[in-house]
Amino acid sequence: MNFKDNIKDILKHECFQTLSNNDFDNIAKNSTILHFKKGEYIIKQGSFITHICYLLDGLAKVNINQNNKTNTLRIIPNDRFIGIQYTFADNINNFSSLAIKDSEVLLIDINAFKQLMTTNGFFALEIAKTISLICHKTTSRIITYREKNIHGSLATFIIHYSRIYDSMSFTLPYTRVEISEMIGYSRESVIHTFTKFNKDGLINIKDRKIEILNYDLLKSIAING
């Protein structure tokens, strides 16, 4: 079956609940689905914004390169927009997105999307809410990390990404330096705490690969740390 005939079923984000049948038809006419291999760019920083990207299946990360340094800001799971909070500020993508695993992405023409927001106020409001929620979650997560000691902060970090990957075994998309910058502790403290968690049997870690061995104890540290 052509995805255009099944558009209402594949768009599962709550903002699409505000659309009429004509709105869905308009999206279908102005969209295409592309498949990206693990490690392949979905969006390149510096490219023109031509589409809204919606992740149907897979996992992606959002990066910003500044001063020759790449910072991973967010991991995108299924049924989420990729970098929509940056889309309306400029005509150029000021971020990049890479597939962490093989992914399927719906590309919606940016002009058709903007027109839909103009003609459907309820949809525009839901998009505004979505952007606000993304910013709120990002800010809240940073504050949560900074309020905890290093053990609680790192445990919270590990559990957060375990939930994103929906697995007790996953590969972190960050270097130790990026983790330290994100949670507000030194690189040395992050490395030392990873080593301690490993020795204490909470996790098994090798390079960026993590396996959670004692979730309950790790969660207790995250809550009380």
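Hi everyone. Lys-129 and Glu-126 sit three residues apart in helix α4, so about one helical turn separates them. Helices here are DSSP runs of H or I with at least four residues, strands are E runs of at least two, and both are numbered from the N terminus.

Before I go on, this is a predicted model, where local features need pLDDT of at least 70 and side-chain atom pairs count only at pLDDT 80 or more, while totals for chains, interfaces and linings use all residues. Residues are numbered from 1 along each chain as its sequence is written, and side-chain values use heavy atoms, with hydrogens and water left out.

Back to our pair. The side chains of Lys-129 and Glu-126 form a salt bridge, at 3.6 Å from N to O. By salt bridge I mean a side-chain nitrogen of Lys or Arg within 4 Å of a carboxyl oxygen of Asp or Glu. Side chains of opposite charge can pair when their charged atoms come close. Lys-129 is partly exposed, with a relative accessible area of 45%. For that scale, buried is under 20% relative accessible area, exposed is over 50%, and partly exposed lies in between, using a 1.4 Å probe and protein chains only.

How many salt bridges does the structure hold? There are two.

Now for α4 itself. This helix covers residues 121-147, and its 27 residues reach 38 Å from first C-alpha to last, close to the 39 Å expected at 1.5 Å a residue. That expected span is 1.5 Å times one less than the number of residues. The buried residues of α4 include Phe-123, Glu-126, Ile-127, Arg-141 and Tyr-145. Among the elements covering the buried residues are β4, α3 and α5.

Let's finish with Phe-197, in helix α7 (residues 187-199). Is Phe-197 buried or exposed? Phe-197 counts as buried, because its relative accessibility is 2%. Leaving out residues up to four places away in sequence, Phe-197 touches His-151, Leu-154, Ala-155, Ile-158, Leu-202, Ile-203, Leu-218 and Ile-221, where contact means heavy atoms within 4.5 Å. Phe-197 and Asn-214 are 17 residues apart in sequence, and their C-alpha atoms are 9.8 Å apart in space.
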